[in-house]
Amino acid sequence: MSETSRHSSLTHAERQINPMAWKAVVARYQQPSLWRSVFQIVNSVVPYVALWFLMDWSLAVSGWLILPLAILAGGFLARIFIIHHDCGHGSFFKSRTANDVVGFVTGVLTFTPYHFWRFEHAVHHAGSGDLDRRDLGSVWTMTVQEYLEAPWWTRFAYRVMRNPVVLLVVVPSFLFLVAHRFASARASSRDRHSVYWTNAAILATAGLLSLVMGLKAYLVIQLSVMTVASTAEVWLFYVQHQFEGVNWQRHGKWDYTTAALEGSSFYKLPRLLQWFSGNIGFHHIHHLNPRIPNYNLEKCHNDGPMFQQVKAVTLRSSVKSLSLHLWDESQDRLVGFAYLRTLRKRQRLCQLP
């Protein structure tokens, strides 16, 4: 029997790991280092700002020069988003004030309201891998039964949303440029003010840069960089919870440890991409303890024998995630839309005399 088959044949209870086996390990890595945090800000923000000046200069020479520079700047902006993310978890600095200040500034750079996003992301962590708590901060995912019972317009909208172009180009740009400009009805007063202050800071920054380099240059650079960064960020978030072999459970069977180690991926990226993504590929470790700074995630993973058992998702294998759309509760796995044809064929055969 293959390792994958053997793993899938185990019951949920048999796959559970005693929390005491990992808590002692992760506790050693949850303390932030001031110099490492500051150095990460420097090696992320300084190159990003320098690339803005370089892109402004390149536009005067040739518009085509901006493309490779925008891709590189988008990589740095994605790395800045990881700093914003860590501040939201209170893991980047020991000081809450320092986390909030840096979180707000990086939120302006990434067009993400700090306090409001922190609230939504906390909801995501609380219910990740729980089929009964698919709420804020999660990619819309339906079960097979829910899809079959939904009206045609819901099924149509779901298929459109799950289209790779929509999911990785349209949705990311809309999320960061438009959706983040508004607070939901569930937001607290502080979260709503976070949205307002972030919007004001973005407008002020846009106005200043437009005066310096011109409105057209600002829009070309900002939109190009945001498209790259937002696509990368949404893809990382998507593949971290939507991959072959992922474990999701109904609330009654859900447990924290299994949801982290089997409901969040170990996305093993090439070193360069791992650096730009701020080690967030060690997402199983991050969900075990969100207080671990991103620069300690790999060391924590390497220090825990139980973490070595987590099957890695590679850059190549992660592409298959785009063909997985629905959760089949009868098989406890993600399936594609093509599975529906097989299911309907089986149902017709069962109805034959």
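**Ground rules.** I number residues from 1 along each chain as its sequence is written, and side-chain values use heavy atoms, with hydrogens and water left out. Because this is a predicted model, I take local features only at pLDDT of at least 70 and side-chain atom pairs only at pLDDT 80 or more, while totals for chains, interfaces and linings use all residues.

**Entry 1: H4 and H5.** I looked up how helix H4 (residues 34–61) and helix H5 (residues 66–88) pack, and found an angle of about 155° with the axes 9 Å apart. H4 is thus roughly antiparallel to H5. On the terms: helices (H or I, at least four residues) and strands (E, at least two) are DSSP runs, numbered from the N terminus. Axes are lines fitted to C-alpha atoms, for helices over the stretch in contact, and angles run from 0 to 180 degrees between N-to-C directions. Angles under 35 degrees count as roughly parallel, over 145 as roughly antiparallel, 65 to 115 as roughly perpendicular, and the rest as oblique.

The crossing of H4 and H5 is left-handed; that is, the near helix is turned anticlockwise from the far one by less than a right angle, whereas clockwise would be right-handed. I then listed the contact (heavy atoms within 4.5 Å). On the H4 side the residues include Gln40, Ile41, Tyr48, Leu51 and Met55, and on the H5 side they include Leu69, Phe76, Arg79 and Ile83. By class, the contact of H4 with H5 has 17 nonpolar, four polar and one charged residues. For these classes, Ala, Val, Leu, Ile, Met, Phe, Trp, Tyr, Cys and Pro count as nonpolar, Asp, Glu, Lys and Arg as charged, and the others, Gly among them, as polar.

**Entry 2: Gln40.** I followed up Gln40, which is found in H4. Gln40 is buried, with a relative accessible area of 6%. The scale is buried under 20% relative accessible area, exposed over 50%, and partly exposed in between (1.4 Å probe, protein chains only). Setting aside neighbours within four places in sequence, I find Gln40 in contact with Arg79, Ile83, Phe92, Asn294 and Tyr295.

**Entry 3: H6 and H11.** Helix H6 (residues 96–110) packs on helix H11 (residues 189–213) at an angle of about 50°, with axes 9 Å apart. I therefore record H6 and H11 as oblique to each other. H6 passes H11 in a right-handed crossing. The H6 residues in the contact are Arg96, Phe104, Gly107 and Val108, and H11 supplies Arg190, Trp197, Thr198, Ala201, Ile202 and Thr205. I sorted the residues of this contact of H6 with H11 into five nonpolar, three polar and two charged.

**Entry 4: salt bridges.** I searched the whole structure and found eight salt bridges, each a side-chain nitrogen of Lys or Arg within 4 Å of a carboxyl oxygen of Asp or Glu. I noted three of them.

- Arg133 pairs with Asp130, the closest N and O atoms being 2.8 Å apart. Arg133 is partly exposed at 30% relative accessibility, whereas Asp130 is buried at 2%.
- Glu146 and Arg134 meet at 2.8 Å, N to O. Glu146 is in helix H8 (residues 144–149) and Arg134 in the loop between helix H7 (114–127) and strand S1 (142–143), so the pair ties together parts 12 residues apart in sequence. Glu146 is partly exposed at 29%, and Arg134 is partly exposed at 32%.
- Arg250 and Glu329 meet at 2.9 Å, N to O. Arg250 lies in the loop between helix H12 (215–239) and helix H13 (256–263) and Glu329 in the loop between strand S4 (326–328) and strand S5 (333–335), so this pair ties together parts 79 residues apart in sequence. Salt bridges that share partners join Asp132, Arg250 and Glu329 into one network.

**Entry 5: Leu236.** Leu236 lies in helix H12 and is buried, with a relative accessible area of 12%. Not counting residues up to four places away in sequence, Leu236 touches Tyr267, Leu269, Ser277 and Ile280.

**Entry 6: positive phi.** Phe111, not a glycine, has a positive phi of about 60°. Phe111 is in the loop between H6 and H7 and is buried at 9% relative accessibility. Asn279, also not a glycine, has a positive phi of about 60°. I place Asn279 in the loop between helix H14 (271–276) and helix H15 (283–288), buried at 13%.
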